[in-house]
Amino acid sequence: MRLKRNLFFSIVAIALVGLLLVILSGDNGLMDLIALRIERDRVVESNEKTFNENIALYRQIERLKSDPRFVAAMVRKELNLVGEDELVFTFK
């Protein structure tokens, strides 16, 4: 009787260890869940960064539409142009 009980507990213990291994490393297991959470956090961070860049670009567009001084500054910066009353000095 004692041998049957020990055999039963051994089988149950092996089954539980096998089940634990499947839960941890199987398809859709704990490791996959952790990897998915890390990926989700990366995507959320990327979305926030893109959202902030879009807001900055929207503000820049509004200033380009309404602020002539800003347009002049952007033209000077992007196209390297000089104003009518400005002098350019170049150094070696």
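**Figure 1. Helices and overall dimensions of the protein.** The protein has three helices and zero strands, where helices (H or I, at least four residues) and strands (E, at least two) are DSSP runs numbered from the N terminus. From the N terminus on, the order of the elements is α-α-α. The model is predicted: local features need pLDDT of at least 70 and side-chain atom pairs count only at pLDDT 80 or more, while totals for chains, interfaces and linings use all residues. Residues are numbered from 1 along each chain as its sequence is written, and side-chain values use heavy atoms, with hydrogens and water left out. The C-alpha trace spans about 105 × 40 × 15 Å along its principal axes. The radius of gyration is 33 Å, whereas a compact globule of 92 residues would have a value near 12 Å; the radius is taken over C-alpha atoms, and the globule rule is 2.2 Å times the number of residues to the power 0.38. Of the 92 residues, 5% count as buried (buried means under 20% relative accessible area, exposed over 50%, partly exposed in between; 1.4 Å probe, protein chains only).

**Figure 2. The nonpolar patch on the surface.** Leu20, Leu24, Leu30, Met31, Leu33, Ile34 and Ile38 form this patch, with about 620 Å² of accessible area together. The elements that give two or more residues to the patch are α1 (2-25) and α2 (30-66), and α2 supplies the largest share, five residues. Patches are made of residues with over 30% relative accessible area and no salt bridge; like charges are joined within 9 Å, and nonpolar side chains (Val, Leu, Ile, Met, Phe, Trp, Tyr) within 5 Å. Areas come from the Shrake-Rupley method with a 1.4 Å probe, and for residues only the protein chains shown count as cover. Met31 lies in helix α2 and counts as exposed because its relative accessible area is 54%.

Figure 3. Arg42 forms a salt bridge with Glu39, the closest N and O atoms being 2.6 Å apart; the term requires a side-chain nitrogen of Lys or Arg within 4 Å of a carboxyl oxygen of Asp or Glu. Both residues lie in helix α2, three residues apart, about one turn of the helix. Arg42 is partly exposed at 47% relative accessible area, and Glu39 is partly exposed at 37%.

**Figure 4. A salt bridge between Arg76 and Glu86.** The side chains of Arg76 and Glu86 meet at 3.4 Å, N to O. This pair links distant parts of the chain, 10 residues apart: Arg76 lies in helix α3 (residues 68-79) and Glu86 in the segment after α3.
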